[in-house]
Amino acid sequence: MTRPGVADVAFIVSRLGPNPQAFQLAIDYYKTMNKLFIFLNDTNLNALIDLAGRPDEATNYLRDIYNGQKARM
């Protein structure tokens, strides 16, 4: 069952990033529900702050994270 308005991508922000168990849970959820969690840590957030005012570069940065994590699944 699908719900309108529920995104296919969720951002999870934590200081250090996911531990192996959290990443495995995200993989399992992606495989069953086709929903992708994107984990962002302090380094990612600082990079996004540095890209403030440059939306295209920020979008590309997030896209790179998305593609990297999706490839690990």
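This is a predicted model: local features need pLDDT of at least 70, side-chain atom pairs count only at pLDDT 80 or more; totals for chains, interfaces and linings use all residues.
User: Why is Q69 called buried?
Analyst: Buried means under 20% relative accessible area, exposed over 50%, and partly exposed in between (1.4 Å probe, protein chains only). Q69 has a relative accessible area of 10%, so Q69 is buried. Of the 73 residues in the protein chain, buried residues make up 19%.

User: What is Q69 in contact with, leaving aside its neighbours within four places in sequence?
Analyst: Contact means heavy atoms within 4.5 Å. With those neighbours left aside, Q69 is in contact with F23, F37, I38 and F39.

User: Which helix holds Q69, and how is a helix assigned?
Analyst: Q69 is found in helix α3, residues 55-72. Helices (H or I, at least four residues) and strands (E, at least two) are DSSP runs, numbered from the N terminus. The protein chain has three helices and two strands, in the sequence pattern β-α-β-α-α.

User: What share of contacts between residues at least 6 apart in sequence joins residues at least 24 apart?
Analyst: In the protein chain, that share is 69%.

User: Which residues and limits do these values rest on?
Analyst: Residues are numbered from 1 along each chain as its sequence is written, and side-chain values use heavy atoms, with hydrogens and water left out. Local features need pLDDT of at least 70 and side-chain atom pairs count only at pLDDT 80 or more, while totals for chains, interfaces and linings use all residues.
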